[in-house]
Amino acid sequence: MKTYFATFIPGLSEAIKEALLKDCPKIEILKFFESSILFKSEDEYQHVVSLPYINNVFLVANHLHFDRNKKAGSIAKELLKDAQFKQFIPNTKNVSFRIMIQKGADLIHIPREFSGKIIDKITQQTGFVFAPLKASVEYWFLIRNEGLAILGIKLTNLIRRSPGDNQQGKLQPEIANILNFLSEPHKDDVYLDPFAGYGSLAKDRILFNPYKHIYLSDIEKPLVERLRKLNSDKVTVQLSDALHLDYLKDKSVNKVVTDPPWGVYEMKNVRFEKFYKAMLNEMQRVVKTNGIIIILTARFKEFEKALLQTTLHLFKKYSTLVNGKKATIYKLTSV
Ligand SMILES: C[S@@+](CC[C@H](N)C(=O)[O-])C[C@H]1O[C@@H](n2cnc3c(N)ncnc32)[C@H](O)[C@@H]1O
């Protein structure tokens, strides 16, 4: 069994746990926190690192729980003492490595005499070469606010994840994945994202989740032109206002997963309660009875006021952070 430490988007621990147990049914969970998990698994690192809702994954060489008053230096020394570095040998020769120490969110300077000890130990056990400027692997000492300290190799650097550019307003792939997961994907789903933007949600759905048909629309013509690359007999892309989805018949979709505007980068003068009410009314029209609607927004006050003016049922809500901004995910059902 290998021990892994993984971090994920905060606030979604229950959903992440459910997804993880589905993808790696035989894992043994050692510790579970608000935005991280320590677990043992027979799974190879290639499988663990490919899980689309995980931010970072480390193969653990040692871990310990520490007393909050303990200094970072002595925690790191203790971690090093019984660390087992041999368990992970990447598929390449001439592996070079560097070392990072992080306490909370801060990277810590490593005193020369201590870095010497770490380098000797890793080199002896693995044969890897210390080369901080062109390292192929990184060993991280993570001293977490949860009271858990980890020493492990960072796996997320070894495999290129979904490439993703950083356009404003574009969703992180990890959150796109968990939003889709919350919609309870099924092979017969007729799926809609009426604020599709760069198409992060649809791309995730196509890659990782089943569906029968996907409808995507946006009000911006250049974005719709880009989305048209996804066009197929199972994906329909339309230029459309989400408040008037004229291309969709009543009760024609059963899953909506979307990230409407929050008024952060654009639409600063819009009255969001009114906008969200019109959006929800239109969703209510196109969604079948018992359909599921997943909405991510940071404008929870306006959204919740608008929701009260519809007959949609609030099934569950999750508070999370998206690019450092507080946001809420709403899971609604149509009745
Ligand atoms: C937050 S972004 C969605 C980003 C998308 N989830 C992604 O990751 O690329 C909101 C999108 O809503 C679109 N939009 C704004 N008002 C709209 C409206 N009335 N109807 C349809 N789309 C609209 C914007 O053009 C923008 O692409």
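Trainee: Which residue in β16 is the bridge partner of Ile295?

Mentor: Tyr330 is the bridge partner of Ile295 in β16. Keep in mind that this is a predicted model.

Trainee: How do the strands β14 and β16 run, and how many bridges join them?

Mentor: Strand β14 covers residues 287-297 and strand β16 covers residues 325-333. They run antiparallel, and six bridges join them.

Trainee: How many residues are between β15 and β16 in their hairpin?

Mentor: Two residues sit between the strands of that hairpin. Asn323 is in the turn and has a positive phi of about 50°.

Trainee: What holds paired strands together in general?

Mentor: Strands of a sheet pair through backbone hydrogen bonds, and the pairing can be parallel or antiparallel.

Trainee: Switching to the inside. Which residues touch the most other members of the largest nonpolar core?

Mentor: Those are Phe141, Leu155, Leu179, Met279, Leu280, Phe303 and Leu332, in a core of 103 residues. Helix α8 (residues 272-286) gives the largest share of this core, seven residues.

Trainee: Why does this core lie between domain 1 and domain 2?

Mentor: Because both domain 1 (2-154) and domain 2 (173-333) give residues to this core, it lies between them.

Trainee: What is Leu280 in contact with, leaving aside neighbours within four places in sequence?

Mentor: Leu280 is in contact with Ile295, Phe303, Ala306, Leu307, Thr310, Leu312 and Leu332.

Trainee: Which residues are in the second, separate core?

Mentor: That core has ten residues, including Phe5, Leu142, Leu148 and Ile150.

Trainee: Different spot. Is Ala196 buried or exposed?

Mentor: Ala196 is buried, because its relative accessible area is 6% and the cut-off for buried is under 20%. Ala196 sits in the loop between β10 and α6 (200-208).

Trainee: What does Ala196 contact, leaving aside neighbours within four places in sequence?

Mentor: Ala196 is in contact with Leu216, Ser217, Asp218 and Leu227. As for Leu296, 100 residues from Ala196 along the chain, the two C-alpha atoms are separated by 13 Å.

Trainee: Last topic, the protein chain as a whole. How many helices and strands does it have?

Mentor: The protein chain has nine helices and 16 strands. Of its 335 residues, 51% are buried. Its C-alpha atoms fill a box of roughly 70 × 40 × 35 Å along the principal axes.

Trainee: What about the accessible surface of the chain?

Mentor: The accessible surface comes to about 16,900 Å², and 50% of that belongs to carbon and sulfur atoms.

Key
Residues are numbered from 1 along each chain as its sequence is written. This is a predicted model: local features need pLDDT of at least 70, side-chain atom pairs count only at pLDDT 80 or more; totals for chains, interfaces and linings use all residues. Side-chain values use heavy atoms; hydrogens and water are left out. A nonpolar core is a set of buried Ala, Val, Leu, Ile, Met, Phe, Trp, Tyr and Cys residues joined through side-chain atoms within 4.5 Å. Buried means under 20% relative accessible area, exposed over 50%, partly exposed in between (1.4 Å probe, protein chains only). Helices (H or I, at least four residues) and strands (E, at least two) are DSSP runs, numbered from the N terminus. Domain bounds come from an automatic or database domain assignment. Contact means heavy atoms within 4.5 Å. Two strands pair if DSSP finds at least two bridges between them. Accessible areas come from the Shrake-Rupley method with a 1.4 Å probe; for residues, only the protein chains shown count as cover.
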